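Here are some notes for a colleague who has not looked at this structure before. Please read them with the structure open.

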Amino acid sequence: MTAFTTMLEHIPLYDHHAHALYHEPLWRAAPLGAYFTEAYDPVILEHFVSDTLFYRRSLRDLAELYSCEPNQEGVQQARLSRDYAALCTELFQRSNIGHLLIDDGFWPDRLWTVEQSREHLPVPIRRVVRSETELQELLPFYDSVGALLDALEERLREAGKNAAGFKSIIAYRTGLEISRPTAHELEHSFQRARKQGGKLLDKPLLDAALWRTLRIAADLDLPVQFHTGYGDPDLDLRLADPLNLRSVIEAPELRTLKLVLLHCYPFVREAGYLASVYSGVYLDLGLTIPYTSVAAMKTALHEALHLSPISKLLISTDAQRTPELFWLAARWARRTLGTALEQTVQDGDLTSIEAEWAAERVLWSNAAELYPETATKSP
Ligand SMILES: [Zn+2]
């Protein structure tokens, strides 16, 4: 590693998008391979995950961490011999994560709550509120769509007092092209959703709830994170291209709203373009880092910076379930950011002083300014 990439080890990471960790019994029972893929097809998990570059590289990283043999059995044995609580603390410290925002809408029955995460992890933690999860919880209890959306508003305004921001996973439901449903469409959508039960997948209702969420976020001055780009196969990648968000980005009533495009892969250039022309748009490369090859992570950083201002680029870990994913994500965020910025110096885009400034912005200050603690009333 060069002196520049070593220097990045000392800049804390503001991890603005992640999820909580497993309760210990689930952590002990979980297969190692499942951490290294977005797939849940059992054949992929059993036969193909171990052939990905991410898996091969991570196995060597973990073997280095645990001083064990670089194979699945060696790593699994070494990690499970550790005290879970101590390992969580150690890996957060090694990752030099200085602030953590947790989206607790993912697997709430299997992962720590925000409160439990605060008890276990040596880092300040704030919550990000997932709009669709709140809507889904409220749906069975209201007889009219108006009452449902008012209840959602009340819940988000209350939760927003202690949250760092809101999050939308509408890319996983009906896609990022958000429509403005008529009252008639909305009423029918509500009735269908009530009758069907199960996971809420009715577009007019989801779109209407999202508009309501965005207006509240603008009111409260809270950023809204959008899942964009790849993820597990629950999403249709064609509808997860952030270019679909134009109706939201250009909505006159949302002019002050800050939108954070999460992940972005493979639409990194599109996201960088949006960040370059719309003041409220920011982009993040979490999940792209560390789930892809080293070449892809560097390419993503280069592509984000084709157009995006440095002050709008963020890297989260999007880690969940096991503390090792936080460590791997933070490690490769710093390494690939270091090499990508060194390249900008060689190209003559930045001076080495400017590259140092850029590293600090991307790892810490961009997020710290986007999610100011003064905007929230901490408990
Ligand atoms: Zn996530």
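Predicted model: local features only at pLDDT ≥ 70, side-chain atom pairs only at ≥ 80, totals over all residues.

At what angle do helix H11 and helix H12 pack, and how far apart are their axes?

1. Helix H11 covers residues 183-196 and helix H12 covers residues 203-220; they pack at an angle of about 110°, and their axes are 7 Å apart. Angles of 65 to 115 degrees count as roughly perpendicular, so H11 is roughly perpendicular to H12. The crossing of this pair is left-handed.

2. On the H11 side, the contact with H12 is made by Glu-185, Leu-186, Ser-189, Phe-190, Arg-192 and Ala-193. On the H12 side, Pro-204, Leu-205 and Ala-208 take part. By residue type, the contact of H11 with H12 has six nonpolar, one polar and two charged residues.

3. H12 also packs with helix H9, which spans residues 145-160. The axes of H9 and H12 come within 10 Å and cross at roughly 35°. Here the crossing is right-handed, whereas that of H11 and H12 is left-handed.

4. Which residues of H9 and H12 meet? From H9 come Val-145, Leu-148, Leu-149, Asp-150, Leu-152, Glu-153, Leu-156, Arg-157 and Gly-160. From H12 come Leu-205, Ala-208, Ala-209, Arg-212, Thr-213, Ile-216, Asp-219 and Leu-220. The residues of this contact divide into 10 nonpolar, two polar and five charged. Leu-205 and Ala-208 of H12 are in the contact with H9 and are also in the contact with H11.

5. H9 has a further partner in helix H8: the two pack at an angle of about 130°, with 10 Å between their axes. The crossing of H8 and H9 is right-handed.

6. H8 brings Ser-131, Glu-134, Leu-135, Glu-137 and Leu-138 to its contact with H9. H9 answers with Leu-148, Ala-151, Leu-152, Arg-155 and Leu-156. The contact of H8 with H9 comprises six nonpolar, one polar and three charged residues.

7. How many residues line the largest pocket, and which are the closest to its centre? The volume of the largest pocket is about 740 Å³. Its lining has 29 residues, and Phe-106, Trp-107, Arg-130, Tyr-172 and Asp-232 are the closest to the centre. The lining divides into 10 nonpolar, nine polar and 10 charged residues.

8. Two helices, H8 (131-138) and H10 (170-173), each supply at least two residues of that lining. H8 gives the most, with three residues.

9. The backbone has some points to check. A cis peptide bond joins Tyr-265 and Pro-266, with omega about 0°. Pro-266 is placed in the loop between strand S6 (259-263) and helix H14 (268-277). Another cis peptide bond joins Ile-289 and Pro-290, with omega about 10°, and Pro-290 lies in helix H15 (residues 288-291).

10. His-263 is not a glycine, yet its phi is positive, at about 70°. His-263 is found in strand S6.

Terms used: Residues numbered from 1 in each chain as written. Heavy atoms only, no water. Axes fitted to C-alpha atoms, helices over the stretch in contact; angles between N-to-C directions. Helix = DSSP H or I, 4+ residues; strand = E, 2+ residues; numbered from the N terminus. Parallel < 35°, antiparallel > 145°, perpendicular 65-115°, else oblique. Left-handed = near helix turned anticlockwise from the far one by under 90°. Contact = heavy atoms within 4.5 Å. Nonpolar A, V, L, I, M, F, W, Y, C, P; charged D, E, K, R; others polar. 1 Å grid on protein atoms, 1.4 Å probe; cavity = no way out; pocket = protein on both sides within 12 Å on 5 of 7 lines; lining within 4 Å. Points joined across faces, edges and corners; volume = space filled by probe spheres on them.
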